[in-house]
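Here are a few exercises to work through with the model open beside you. Try each task before reading its solution.

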Amino acid sequence: MTSANDPLPLLANVRLIATDLDGTLLRDDKSVSDRTVAALAAAEEAGIEVFFVTGRPARWMDVVSDHVHGHGLAICANGAAVVDLHAGGRLIQARPLERATALDVVRTLREAAPGTSFAVELSTGIHYEPEYPPFHLDPGATVATAEKLLNEDGPDSGAPVLKLLAHHAQLTPDGFLDLARVAAGHLASFTRSSPTALLEVSGPGVSKASTLALCCAQRGISSDEVVAFGDMPNDVEMLTWAGTSYAMGNAHPDVIAAASGRTVANNEDGVAVVIERILAAREDGPARTS
């Protein structure tokens, strides 16, 4: 594994940078540093596309919407949505979790982990159960059981389900994830990005990696031409797929194991550090090898 100061492979061949937001591009106060803003702009000016690839819904993308250049697209909800930030987060593509499948997941987790509470993330907003901790209050949310929220006659019934969220107050985050994958991994894709026992459930095969691969294929970009950054388990597939990948200095152990390299922490502008080196390598000429 390479560090932020080691020679990087194929730097001059990079065509796309894919970066997570929270704990990665963003500092802990959710800001984007001046150094990172400058690095993102310089990458786009050099002809390298930048994709924000996040678990956030489109309505929480205001923190970076001013820093999207060129295409304006972002991958949200762990790959369940591709949105146009130039058009206020308009949904371009959805890879939803079918409501019937989501109900099966709810039933399975209620049995496997009693005390689990749920929220339903739709393309139009979030709705949650009374016991679910409302981390981000939404005045338009409906509070009801998951079974009612997922019913075809539930709130915004015509909107695609982007994610099912499952929270447990007693289990450890990684323990809950392992339990859920064993109990219901045949039904859906499970991951997490929160420091609490909060799971994010997507449709089968839906991940940051699979949607990023689709977006790259549409552009004729191979995985070898992608550099990716992340810090939490929901980034693992993306970091494994990308030709070159970086775990942040503050990353989860599974992310460090999956990435081909490691940069400094998000509060030290770890993404910008690598982008600056990519641009320097392009100026130097032919790609260098590690």
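Helices here are DSSP runs of H or I with at least four residues, and strands are runs of E with at least two, numbered from the N terminus. Keep in mind that this is a predicted model.

**Exercise 1. Find where Lys30 sits, and decide whether it is buried, exposed or partly exposed.**

Solution. 
- Step 1: Lys30 belongs to the loop that runs between helix H1 (21-25) and helix H2 (34-45).
- Step 2: Its phi is near 70°, which is positive although the residue is not glycine.
- Step 3: Lys30 has a relative accessible area of 40%, so it is partly exposed.

**Exercise 2. Describe the surroundings of His127.**

Solution. 
- Step 1: Strand E8 (residues 125-128) contains His127.
- Step 2: Its relative accessibility is 4%, so His127 is buried.
- Step 3: Beyond four places in sequence, its contacts include Ala119, Leu122, Thr142, Leu149 and Asp156.
- Step 4: With Asp156 there is also a side-chain polar contact of 3.4 Å.

**Exercise 3. Which residues of H5 are buried, and how are they arranged around its axis?**

Solution. 
- Step 1: H5 covers residues 173-184, and its twelve residues reach 16 Å from first to last C-alpha, close to the 16 Å expected.
- Step 2: Pro173, Phe176, Leu177, Ala180 and Ala184 are the buried ones.
- Step 3: Down the helix axis these buried residues fall within an arc of 100°, so they line one face of H5.
- Step 4: They pack against helix H3 (99-112) and strands E9 (161-167), E10 (189-191) and E11 (198-202).

**Exercise 4. How many residues form the largest nonpolar core, and which element gives the largest share?**

Solution. 
- Step 1: This core has 33 residues, and those with the most contacts inside it are Ile17, Phe52, Met61, Val64, Phe229 and Ile275.
- Step 2: Elements giving two or more residues include H1, H2, strand E12 (226-230) and helix H9 (270-284).
- Step 3: H9 supplies the largest share, six residues.
- Step 4: Apart from this core lies another, of 28 residues, among them Leu109 and Phe176.

Methods
Residues are numbered from 1 along each chain as its sequence is written. This is a predicted model: local features need pLDDT of at least 70, side-chain atom pairs count only at pLDDT 80 or more; totals for chains, interfaces and linings use all residues. Side-chain values use heavy atoms; hydrogens and water are left out. Buried means under 20% relative accessible area, exposed over 50%, partly exposed in between (1.4 Å probe, protein chains only). A polar contact is a pair of N or O atoms within 3.5 Å; within protein, one must be able to donate a hydrogen and the other to accept it, and residues adjacent in sequence count only if both atoms are side-chain atoms. Contact means heavy atoms within 4.5 Å. The expected span of a helix is 1.5 Å times one less than its number of residues. The arc is that of the directions from the helix axis to the C-beta atoms. A nonpolar core is a set of buried Ala, Val, Leu, Ile, Met, Phe, Trp, Tyr and Cys residues joined through side-chain atoms within 4.5 Å.
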